[in-house]
Amino acid sequence: MLETVTLPPPEPLDLPHPGRAPDERLNWKTSWPMLLVHVLPLFAVFTGVTVRAVVLCVALYVLRVFFITAGYHRYFSHRSYKLARVPQFLMAFGGTMAAQKGPLWWAAHHRDHHRWSDTSRDIHSPQRGFWWSHMGWIVCDKYNGTDLDRIRDFAKYPEIRWIDKHNWIGPWVLGVASFLIAGLPGLFVGFFLSQALSWHATFFINSLAHVFGRRRFATEDTSRNSFLLAVVTMGEGWHNNHHYYQASARQGFYWWEWDPSFYVLRALSWVGIVKGLKTPPERVLQADRIRDGVFDIGMFKAHLNKASQFVEATEPAAVERVAVADAPGSDGLAARRRAVEQGLQAKKERLEGFVSGSLASAEELARSTRRGERELGLLEG
Ligand SMILES: [Zn+2]
Ligand SMILES: [Zn+2]
């Protein structure tokens, strides 16, 4: 008899959290020094803050962000200009001072980010949540190793492999120097505070630069351009520009797009240290503009991805339970049935929300296409 069927307790009707694999969870054992660096600047309460320490903090922030941006990112990851072997080593060493592991590790992982942007294989896509893209992927074990095949072009240099392996030297040199220059305030404010701030500047590019800002080019990912992020990261905020044309050493494509890392590289090219600086050709700048009605495939894919995740998560078992619970005469069953129905209704509404989001982008696209055609004189009115 249906009334006597014992049902298992109802499972939560919310989207089941995909959960993290063991190697995707925070590893305290290896991550505590990084977390401690965030606490150490507070010790300035006891030592006091000197002008010298503050100047040091600003200088070290700029220095670290520059070496990551111009070195680890635009040189080692994207080869957007050329360096002779000695400046190449100095660029690698400078990058290690930012305590973001070695250049080979950094660049190999970054190349993977571009290869798989915003797909399930993207190392730090914000589609997996802000925290994951910002820091989660770093404080877990999953991406500790380096696939040297992804960075063979630089792994062939023994001195680069050496500094990659001994990447602790840079931060230690900087830390000791900070103490010698400005004492304990120099250590806590000059060194540790600038360290924590420069970390987050870099992390923001992985997290916020795919969420916050505007899209100029129809790239296959969700990258965006933000002046604010460009200020914080010395020019990396033009992330949509960068995803669109990765070969360029210049990420602010126009004079008003603040890109100080590029200005320094250009100055270095005048004295012959930097060679073959790549910049985007005019025809590239004019192509694939969303404003001109080019289909924004990246955002469309992001909406679609969310929708399909939702469909996947809709639990078919819940529908079966409704059928079984349809037996007459039991208040408990009726209540449970209502709960299941409400859960399904909520899911349906959210799914509809995502679909209408996609349609809204399509409508926006159609409108801008019409505008673009009007401007070209192809359409009347
Ligand atoms: Zn890049
Ligand atoms: Zn990106």
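I count two residues as in contact if their C-beta atoms, placed from the backbone, lie within 7 Å. This is a predicted model, where local features need pLDDT of at least 70, side-chain atom pairs count only at pLDDT 80 or more, and totals for chains, interfaces and linings use all residues. Residues are numbered from 1 along each chain as its sequence is written, with chains lettered from A and ligands numbered from 1 in the order in which they are written.

**Whole chain.** I looked up the contacts between residues at least 6 apart in sequence, and 70% of them join residues at least 24 apart. I got 16 helices and two strands (DSSP runs numbered from the N terminus: H or I of at least four residues for helices, E of at least two for strands). Of the 381 residues, 35% are buried (20 or more other C-beta atoms within 10 Å of a residue's own; exposed is 12 or fewer, partly exposed in between).

**α3 against α5.** I checked α3 (residues 51-77) and α5 (residues 103-116): their axes come within 9 Å and cross at roughly 60° (lines fitted to C-alpha atoms over the stretch in contact, angles from 0 to 180 degrees between N-to-C directions). Tyr72, His73, Phe76 and Ser77 in α3 touch Pro103, Trp106, Ala107, His110 and Arg111 in α5.

**α8.** I find Ile160, Ile163 and Asp164 buried in α8 (residues 158-165). The buried residues of α8 line one face because, down the axis, they fall within an arc of 105° (taken over directions from the helix axis to the C-beta atoms). They pack against α4 (85-96), α5 and α7 (152-155). Pro158 and Lys165, on the other side of α8, are exposed.
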